[in-house]
Amino acid sequence: MARGLVTEAELPAVRAKTSRWQHGWFVPYLFLAPALFFYVGFLVYPMLSSLWISFFDWDGLSPTKTFVGLDNYLKLFFNDEVARRALWNNVLWTIASLIVPTGLGLSFALALNRNVPGTTAFRAVFYSPAVLPLVAVGLIWSWMYNPQFGAVNVFLKEIGLGAIARGWLSDFNTALPAAFLTSVWANAGLPMVLYLAGLQSINREFYDAAKIDGAGPLQAFRHITLPGLSETHVIVLSLAVIQAFKVFDLIYVMTYGGPGQSTQVLGTWMYFQSFQYYHAGYGAAIAWVIAAIVLVIAVPYIRRMSRS
Amino acid sequence: MRKTLAICSLAIAAAIAAAPAEAVDKTTLRFFTIFDAPAMESWQPVIDAFKAANPDIDVKVETVAGSGAAVYPDVLRTSMASGDPADLFFMWGGEIAGPFIRAGQVRPVDDYYGRYKWKDRFASWIVARLQKDGKAYGVPYHARGMAFWYRKDIFDKYGLSDPKSYADLEAICTKLKGANIYCATFGGKFGWHPMRLLDYFFETKCGPEVHDKIFSLTASFDQQCVVDAYALLKKWVDEKWLVPDFLNVSPDDSRMPMYQGNAAMIIEGGWMEDVLKANDQDLKLYDFFLPPTDHQPQRYPAFPEQWMITAASKHPDQAAKFIDFITAKDTQVKYPAAFSGTATADVKPDCATSPHDCKWAEILSSDRQTYGLSDQAYTKELADIFFEIQDGVIAGKYAPADAAKTMQAKAEAWKAANPR
Amino acid sequence: MQAVTLDPRRRRAEQTLLFISLLALSLLWLMPFVTVFLSAIRSQGDLISRGVFAFPKTLQWSNFAKAWNTGEFAIYFRNSLFLIAVKVPLGIIIASLAAYPLAKMRFRLSMPIFVFFLAGLAIPIQVTLQPLLVIMKQVGISNSLFALIPPYIGFGLPFQIFVMRGFFRLIPSELLEASRIDGASEFTAFWRIMLPLSLPALATLAIIDVLATWNEFLIALVLISANESRTVPLGLLQFQGEHSSNYVLLMAGIVISIVPVIAVFVFLQRYFISGLTSGAVKG
């Protein structure tokens, strides 16, 4: 027990005495210093440095750069078909991420919230893909999509749908959706966990009151569950969008941007431009487009997080 | 106190005396290559032999394997950008090495050529291919030729023989299709495997002169012979002469159908013999023929691979010594497993255990003319554009005429954005 | 009255239906794991001739040893474990140090600084890559594992500071005030009171961080090129490049790479999940 234990009666007096600083104004900053060092030094400063680079034409290796102003950004939006394709792929991926893995996660959460036996085990199963390195996820599903030996095509042939079996990752039309399906497997778990926590925080009394009033399950869902989850929605949907614009690992491992650059996303196109084609300035511009979009979308999310 | 001091100084003196008399500082040479596991096995004795002959030099091997020219240059570039590259490294020829040379990251080796008299060691076409702006930047390691490798037993079974013209080749494919066998197999994941077929069509339809001009971007893609070449690619896909759905298959994987007897041909280089051995294939079932291009001279695709020394290396002399060792005929004759496809003249492989290497050695040291490869003629960015159009033709996204036009437009845009 | 008697039966029917559907879905969800594992314990010939769903005729456990050796996984594991051993404790302590004033001290820049850190949750890694490479080169630690530690710490801070701050705020200030009366320094208050009381949160963050560090790919891809310094994800990709057509060996390599994270997850799920949800639910 701390030596200076105070009684209930003395508390207000104690609070009054210690509400003012007895140590210097710089004390908080001393505590913050290491974190600020790493955060500013290895996140914020590189980010600003990238912004600077994005106004230049630079190969990343030589000591000289050429100033080009907004040319890199103009090229991205107006002159580079692959970049436009990449942006479009990101948009598609994002819209799909807002619907599929989150919808699936919500369904799992609703099901698990009914106190079915084995909830912990089910939750673990559905979440488990999210703990794997994405490289492994990509390689596992590349194997499943193997045209000759992979589980997907073998399964399709077994159930008589052999006609639609194909090289899923080789086909211009199915490569991106196939990669997206992989990300659904990997990413439905987090929404599920978040929604489950959100569901469990909704006051039970609301449901009891509704039942007494004669409301059916659907009405309860619409008028109690959904509104009760509004906070969780903000977080889940923001995270989904943020994740979707940052996509890199799966595409790099599964399709390498192909076939024919059709599955490039901004994250991978930036990598190719900066580290394979020696266009560091252009790559930085692409990276900043990703950052700008994500930061804008994340504002409500960050606001919510800072309020709690 | 004095006693302790005495004992201490005695101990220190003893320690100094007992320390091995290292008159020479050991230099560590970092050696960066694309060796995969089987290649490392065959190279270990070579490295050990060098270390034994040069106890003051330690050689450390660093590798990036598997995706060919797709990933290794990235890794090399990363290490150069970080200021910490290896001392010497493996490199393909042509434009893959271009950016490194232009960025001043490669040490010119004319002085070592003089010191070690390397010019006498290799066929002249190889040395010429490795020069840039009149300077020598690399020392030949391999002279690689590529050809159509085929299953002899399948050809025998259906009464087929080496095609002497493109028409013959088509006849072979038609016959095989009738027997439900794929004519050829390719893996399109990185683009450079089907590229070999397309390059062959370019050579066949455009002829040597125009093809070379296209490689150097001094002739337009938007011409009839190029349209014809793309049309041939489309034909091979539409006629189902190629194993389907191959755009995301890796080149290694694409060999499987051939091993299983479901496909008859593939375009590979002299290294195929080692690959067949590593995959426990019966060498007697395989042979190769040079691509029938319907032109005189009948060129075949070939390229040198080289050793380069980094400009940042602190041990260029030791690196050169190592290069001299590994390109010397004596060394190569002692360790044939590591040097199949060598560029060093007069190193004859054992024709009994490596019959195909033997055949290749003859071809490569002859005067027969060669043509380069698209992924070596163009920088990675331009090559990726080339592959994008290539994939588009394969998938039916571009009609051949559009493909030629689009390729020319993109090549011009690239040239404008990347003035040399 | 009727509503009451119908309820238990309806409820049981609903429960059974749900349970069966969940069971079916779980089996489907686990399929990829099953496929990979099955493929890893057989021979290539067996896989090719009998197909991926057939149970192997003879089990070939040697694939794992072979993958481990030819794939040099010992190096990759060593590197990833080293990174974890250094980065995780360091990062969490730094985050806790920063969270303390943000939670327990009143000063004008407290909220702005907190939001400043939070913004890091949304920043994509791509926007820091090229400059990171340049910085590491200038400092001279490029192409080594040490180069990964500062960016890993930087990117981990937003989430960790958020969680620790939330947790610290739950600890009654009376305890701190008592120690201040005693004349103890802020650091002592932090070290002797806040940290020990926060062990559950620290443990949770540690587990989440261990997994995140094991799995990180892009920064490592850009900063590391020497095989000696590769982490497990890089090593796995390298392994795939070398053996892409030896399917059974490749699967064995994948299994090797994911067993540690699966193990951590299975045994420590509870902490893991609670850490994730601390962001979604108040208190």
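**View 1. The salt bridge between chain B and chain A of a predicted model.** The count between these two chains is one salt bridge (a side-chain nitrogen of Lys or Arg within 4 Å of a carboxyl oxygen of Asp or Glu). K410(B) and E81(A) form it through their side chains, at 3.6 Å from N to O. Elements giving two or more residues to the side of chain B that touches chain A are α3, α4 (98-102), α12 (256-259) and α18 (380-394) of chain B; helices are DSSP runs of H or I with at least four residues, numbered from the N terminus. With six residues, α18(B) gives the most to that side.

**View 2. The contact between chain B and chain A.** In contact (heavy atoms within 4.5 Å) are 31 residues of chain B and 32 residues of chain A.

**View 3. Helix α6 (residues 129-139) of chain C.** G140(C) follows α6(C) and has a positive phi, near 95 degrees.

**View 4. I99(A) in helix α4 of chain A.** I99(A) has a relative accessible area of 55%, so this residue is exposed (over 50%).

**Notes.** Residues are numbered from 1 along each chain as its sequence is written, and chains are lettered from A and ligands numbered from 1 in the order in which they are written. In this predicted model local features need pLDDT of at least 70, side-chain atom pairs count only at pLDDT 80 or more, and totals for chains, interfaces and linings use all residues, while side-chain values use heavy atoms, with hydrogens and water left out.

Technical notes. Buried < 20%, exposed > 50% of the residue type's maximum accessible area, 1.4 Å probe, protein only.
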